Amino acid sequence: FIGPFTADSGGDIPAGTQVAIPDLFAGSYAIGVIQKAGGSMLTSAPFTVVAPRLSLGTTSLVPMSNVTVSGSGYAPSSVYTVCLVPVGTQDCGYQGDREEVPPGYQLGTLTTAADGNIPSGVQVSIPAFSSTQPRQEVVGLLLPGGGFIMIVTLPVILVG
């Protein structure tokens with residue numbers, strides 16, 4: 001449910017009616033209209049969500065360093081968690097009834113600007129980790145509001 005509207009006297013959606021699309025994974029979706037009382041879909045229209053973009057100031061992460069994060073295409077004025085996880089992992093810091101320990105490290109949070117961009121100069125801190133060999137990991141941004149599923153990822157090399 002993303003928002004109600006009241007049809008005009010001709011049964012049309014009033015001109016200028018807007019709804020906010022929630023933060024979704026990239027992909028194809030349909031938005032539909034249902035009657036509040038009946039709950040059956042009356043009509044729908046397809047739309048596509050484009051994946052947000054993420055950039056780091058480097059491709060090699062060194063323990064105890066700061067890395068600049070930039071990107072665009074996010075929900076405006078929203079808080080995201082930045083996470084470092086093993087390649088192939090798509091969640092970090094999840095909550096719920098899973099028994100295993102969440103993989104990865106939460107590196108910090110950031111708040112997007114009103115235009116959906118990551119403000120310039122945002123940095124996250126890379127934690128101490130022990131590694132005798134470089135290994136590939138992923139840095140990603142998690143859905144706001146406790147979703148804890150990566151919506152965008154970027155491969156990096158950890159250098160110990």
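Setting aside neighbours within four places in sequence, Thr-81 is in contact with Gln-106, Gly-108, Thr-109, Gly-140, Leu-141 and Leu-142. Before going further, please keep in mind that this is a predicted model. Thr-81 itself lies in strand 6. Is Thr-81 buried or exposed? Its relative accessibility is 15%, so Thr-81 counts as buried, the cut-off being under 20%.

Now let's look at the strand around it. Strand 6 covers residues 79-86, and six of its eight residues are buried. Which strands does strand 6 pair with? One partner is strand 7, residues 105-111, and that pairing is antiparallel over six bridges. Another is strand 9, residues 135-142, again antiparallel and over six bridges. If you want to find these pairings on the screen, look for Cys-83, which stands opposite Gln-106 in strand 7. For the strand 9 pairing, look for Leu-84, whose bridge partner there is Val-139.

Let me step back to the whole chain for a moment. How many helices and strands does the chain have? There are zero helices and ten strands. The chain has 160 residues, and buried ones make up 29% of them. Take the contacts between residues at least 6 apart in sequence: 53% of these join residues at least 24 apart. As for the surface, the chain exposes about 9700 Å², and carbon and sulfur atoms supply 54% of that area.

Next, the inside. As a general point, nonpolar side chains in soluble globular proteins tend to be buried together. Here, the largest nonpolar core has 23 residues, and the members touching the most other members are Leu-61, Tyr-74, Leu-110, Ile-118 and Leu-141. Where do the core residues come from? At least two each are supplied by strand 3 (53-56), strand 5 (66-72), strand 6, strand 7, strand 9 and strand 10 (150-158). Strand 10 gives the most to this core, with four residues. There is also another core lying apart from this one, made of five residues, including Cys-83, Val-85, Cys-92 and Val-138. You'll remember Cys-83 as the residue opposite Gln-106.

Not counting residues up to four places away in sequence, Leu-110 touches Val-69, Ser-78, Val-79, Tyr-80, Val-82, Ile-118, Val-122 and Leu-141.

Three strands form an open sheet in the order 3-5-8, with antiparallel pairing. Which strands are at the edges? They are strand 3 and strand 8 (123-125), each of which pairs on one side only. From one strand to the next, the twist averages 35°. Strand 5 pairs with strand 8 over three bridges, and Thr-68 has Gln-123 in strand 8 as its bridge partner.

While we're on strand 5, please find Ser-72, which has its place there. With a relative accessibility of 15%, Ser-72 counts as buried. What does the side chain of Ser-72 make a polar contact with? The partner is the side chain of Arg-53, at 2.6 Å. Leaving aside neighbours within four places in sequence, the residues in contact with Ser-72 are Pro-52, Arg-53, Gly-116 and Asn-117.

Met-64 is not a glycine, yet it has a positive phi of about 65°. Met-64 lies in the loop between strand 4 (60-61) and strand 5, and at 64% relative accessibility it counts as exposed. Ser-77, also not a glycine, has a positive phi of about 50°. You'll find Ser-77 in the loop between strand 5 and strand 6.

Finally, a visit to the segment before strand 1 (27-34), where Val-19 lies. Val-19 has a relative accessible area of 37%, so it is partly exposed. How far apart in space are Val-19 and Ile-2? They are 17 residues apart in sequence, and their C-alpha atoms are 6.4 Å apart. Not counting residues up to four places away in sequence, Val-19 touches Ile-2, Gly-3 and Ile-31.

Conventions:
Residues numbered from 1 in each chain as written. Predicted model: local features only at pLDDT ≥ 70, side-chain atom pairs only at ≥ 80, totals over all residues. Heavy atoms only, no water. Buried < 20%, exposed > 50% of the residue type's maximum accessible area, 1.4 Å probe, protein only. Pairing = 2+ DSSP bridges. Core = buried A, V, L, I, M, F, W, Y, C linked by side-chain atoms within 4.5 Å. Contact = heavy atoms within 4.5 Å. Polar contact = N/O pair within 3.5 Å; in protein donor to acceptor, adjacent residues only side chain to side chain. Axes fitted to C-alpha atoms, helices over the stretch in contact; angles between N-to-C directions. Areas by Shrake-Rupley, 256 points an atom, 1.4 Å probe, with all protein chains shown as cover.
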